Amino acid sequence: MEGKKTREEVEKINMIDTWLTKHRLIYVGATRHPFILSIRDGTVDLSSFKTWLGQDYIFVRAFVSFVASVLIKAWKESDDSAGDMEVLLGGMAALNDEVQWFKKEASKWGVQLSDIVPQKTNQEYCRFLESLMNSEVKYNVAITAFWAIEAVYQESFAHCLEEGTNTPLDLQETCQRWGNDGFGQYCHSLKQIVNRRLEKASDDEIKQAEVALLSVLEHEVDFWNMSCGGA
Ligand SMILES: Cc1ncc(CN)c(N)n1
């Protein structure tokens with residue numbers, strides 16, 4: 001007969017929720033940032049929005065390469081990663097749309113994408129992504145970072161679409177891009193992959209994945225700050 005589960009075993013069943021409880025403050029800092037709250041209440045400074053738009057276009061291009069590297073790591077896993085690969089491939093397809101959307105949105109707002117110079121904060125975030133692309137970095141660690149990056153945008157922009165918000169009409173499409181139910185479902189699939197993988201991962205890998213999650217949250221906060229001119 002199986003004995004009672006230890007606290008560690010129970011925590012490992014849903015590692016992400018365990019971490020989100022443990023690191024609530026920084027998670028809320030990333031998903032309820034003043035920049036997002038200003039979109040939600042309609043007071044957003046449009047020059048900050050345009051800064052975000054141009055910088056994020058640069059980020060997304062680095063992000064595509066990162067996701068490709070996660071896909072390669074999934075493929076190299078010998079066990080049942082075929083389902084993971086389908087979810088990741090769907091993510092890449094969504095990123096293709098995302099890049100096209102940035103181009104269209106930039107022209108709508110008069111942002112010249114070819115003139116955008118990546119800011120230091122953006123460069124640091126892209127460098128962090130590059131560090132995760134190293135073949136030494138384990139799939140479990142990279143997929144945790146991937147989930148966190150997508151989840152921050154999903155939670156942030158979905159918050160701007162809730163009832164009773166004052167999100168300006170011409171920003172609602174931006175919020176829909178990441179706040180729609182389909183993107184929420186995709187983030188949920190990523191979360192399930194991470195939880196399933198981490199349940200069987202070694203303590204060392206779990207620690208590395210937690211560190212990667214915290215780094216993502218810090219970079220996301222810095223990215224919002226940069227958009228508001230604060231970095
Ligand atoms: C900085 C950042 N983080 C996340 C995402 C969502 N793909 C994004 N576009 N930019």
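Predicted model: local features only at pLDDT ≥ 70, side-chain atom pairs only at ≥ 80, totals over all residues.

Me: How many residues in the lining of the largest pocket are charged?
Reply: The pocket has a volume of about 270 Å³. Its lining includes R7, E8, K12 and D203. By class, the lining has three nonpolar residues and one polar residue, and the charged ones number eight.

Me: What is the volume of the second largest pocket, and which helix gives the most to its lining?
Reply: The lining is made up of S69, I72, K73, K76, E77, M133, S135, E136, V137, K138 and Y139. These divide into four nonpolar, two polar and five charged residues. The volume is about 200 Å³, and the helix with the most lining residues, four, is α5.

Me: How many cavities of 30 Å³ or more does the structure hold, and what is the volume of the largest cavity?
Reply: A cavity differs from a pocket in that a 1.4 Å probe fits inside but cannot get out. At the threshold of 30 Å³, the structure holds one cavity. The volume of the largest cavity is about 70 Å³.

Me: Which elements give two or more residues to the lining of the largest cavity?
Reply: The lining comprises D56, F59, V60, F63, E98, I149, E150, Y153, W178 and E220. Four of the lining residues come from α5, which is the largest share. The elements with two or more residues there are α5 (46–76) and α8.

Me: How many polar and how many charged residues are in the lining of the largest cavity?
Reply: Among the lining residues are D56, E98, E150 and E220. Asp and Glu count as charged. The lining has six nonpolar residues, with no polar and four charged.

Me: Which residues have the most contacts inside the largest nonpolar core, and which helix gives the core its largest share?
Reply: The core has 72 residues, and those with the most contacts inside it are W52 and F66. The largest share, 13 residues, comes from helix α8 (residues 139–159).

Me: Why does Q154 count as buried, and which residues does Q154 touch outside four places in sequence?
Reply: Q154 is part of helix α8. Residues under 20% relative accessible area count as buried, and Q154 is buried because its value is 16%. Outside four places in sequence, Q154 touches W178, G179, F183, G184 and C187.

Me: Is A62 buried or partly exposed, and which residues is A62 in contact with beyond four places in sequence?
Reply: A62 sits in helix α5. Its relative accessible area is 22%, so A62 is partly exposed. A62 and E218, 156 residues apart in sequence, have C-alpha atoms 18 Å apart. Leaving aside neighbours within four places, the contacts of A62 are C126 and L129.

Me: What class of exposure does P34 have?
Reply: P34 belongs to helix α4 (residues 34–40). Between P34 and P168, 134 residues apart in sequence, the C-alpha distance is 16 Å. The cut-off for exposed is over 50%; at 56% relative accessible area, P34 is therefore exposed.

Me: How far apart are the C-alpha atoms of D97 and R177?
Reply: D97 lies in helix α6 (residues 82–109). With 47% relative accessibility, D97 is partly exposed. D97 and R177 are 80 residues apart along the chain, and their C-alpha atoms are separated by 9.8 Å.

Me: What pLDDT does the protein average, and what ipTM does the predictor give the complex?
Reply: Of the residues, 98% score at least 70, and the average pLDDT is 95. For the complex, the predictor gives a pTM of 0.95 and an ipTM of 0.98.

Conventions. Residues numbered from 1 in each chain as written. Heavy atoms only, no water. Core = buried A, V, L, I, M, F, W, Y, C linked by side-chain atoms within 4.5 Å. Buried < 20%, exposed > 50% of the residue type's maximum accessible area, 1.4 Å probe, protein only. pLDDT = per-residue confidence, 0-100. Contact = heavy atoms within 4.5 Å. 1 Å grid on protein atoms, 1.4 Å probe; cavity = no way out; pocket = protein on both sides within 12 Å on 5 of 7 lines; lining within 4 Å. Points joined across faces, edges and corners; volume = space filled by probe spheres on them.
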